[in-house]
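I opened this notebook to record what I looked up in the model. The entries follow in the order in which I made them.

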Amino acid sequence: MGIQVWFIVLGVGVMTLIVWDGKRRKLKQRSLNAAGRPHQAPAVDTVPILELPFEAMSPPEEASAATFPTIQGVSGGSRIGSATHILGKVIADEPVLIKGRLEGTLIAPNHPVSVTASGHVASYIEGSCVDIDGYMVGTLKANTKATLLSRARLQGVVEAPRLECTAGAWLQVDVAQAASRQSAAMVP
């Protein structure tokens, strides 16, 4: 046999071992998750500007998805999809629904803003009514009402004349009533 044949046989053998090892790791991970250990989301490559500290937090696994109130779809308006990562400033004159990642500023002072359970926001959000069901680090300014749903994970400052918080939301925030502070948009 020639050297090329040996390389082909060796390559097929290595590929077989790689596939076998991947299947073994997958089965091992499934058995660990079935043994009661919490499920960890797979790592996602992101721009390392701001790490959100809530990645490992999730609602209890025994609760079904029907238990949690969810954000209803926004009819019309802007949607930031789950596969979208925006780095910068967004100014909208329409309702905004965030399913993906936003690192920067979102200003929609006269319209509702919603962050779904898969949404991640870092820095600043301003809207008339702001509903959070995902992750946020920074300042949330709601001109009429802020609603934090059961899967909300929030760290920073909440400024709103009314704040509604559903059981299960995790907060590490300073709360300020909008009337007690000067009204100035935070634009970096």
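I first located Phe 7 and found it in helix H1, residues 3–34 (helices, H or I, of at least four residues and strands, E, of at least two are DSSP runs numbered from the N terminus). The model is predicted: local features need pLDDT of at least 70, side-chain atom pairs count only at pLDDT 80 or more, and totals for chains, interfaces and linings use all residues. Residues are numbered from 1 along each chain as its sequence is written, and side-chain values use heavy atoms, leaving out hydrogens and water.

I noted Phe 7 as exposed at 56% relative accessibility (buried is under 20%, exposed over 50%, partly exposed in between, with a 1.4 Å probe and protein chains only). I then listed a nonpolar surface patch that includes Phe 7, Trp 6 and Met 15 (members have over 30% relative accessible area and no salt bridge, with nonpolar side chains joined within 5 Å; a salt bridge is a Lys or Arg side-chain nitrogen within 4 Å of an Asp or Glu carboxyl oxygen). The accessible area of this patch is about 920 Å² together, by the Shrake-Rupley method.

**Nonpolar core**

I examined the largest nonpolar core, which has 23 residues (buried Ala, Val, Leu, Ile, Met, Phe, Trp, Tyr and Cys joined through side-chain atoms within 4.5 Å). Its largest share, five residues, comes from E7.

**Cysteines**

I counted zero disulfides (cysteine sulfur pairs within 2.5 Å). Cys 129 is partly exposed at 31%, and Cys 165 is partly exposed at 40%.

Note on methods. Patches are made of residues with over 30% relative accessible area and no salt bridge: like charges are joined within 9 Å, nonpolar side chains (Val, Leu, Ile, Met, Phe, Trp, Tyr) within 5 Å. Accessible areas come from the Shrake-Rupley method with a 1.4 Å probe; for residues, only the protein chains shown count as cover.
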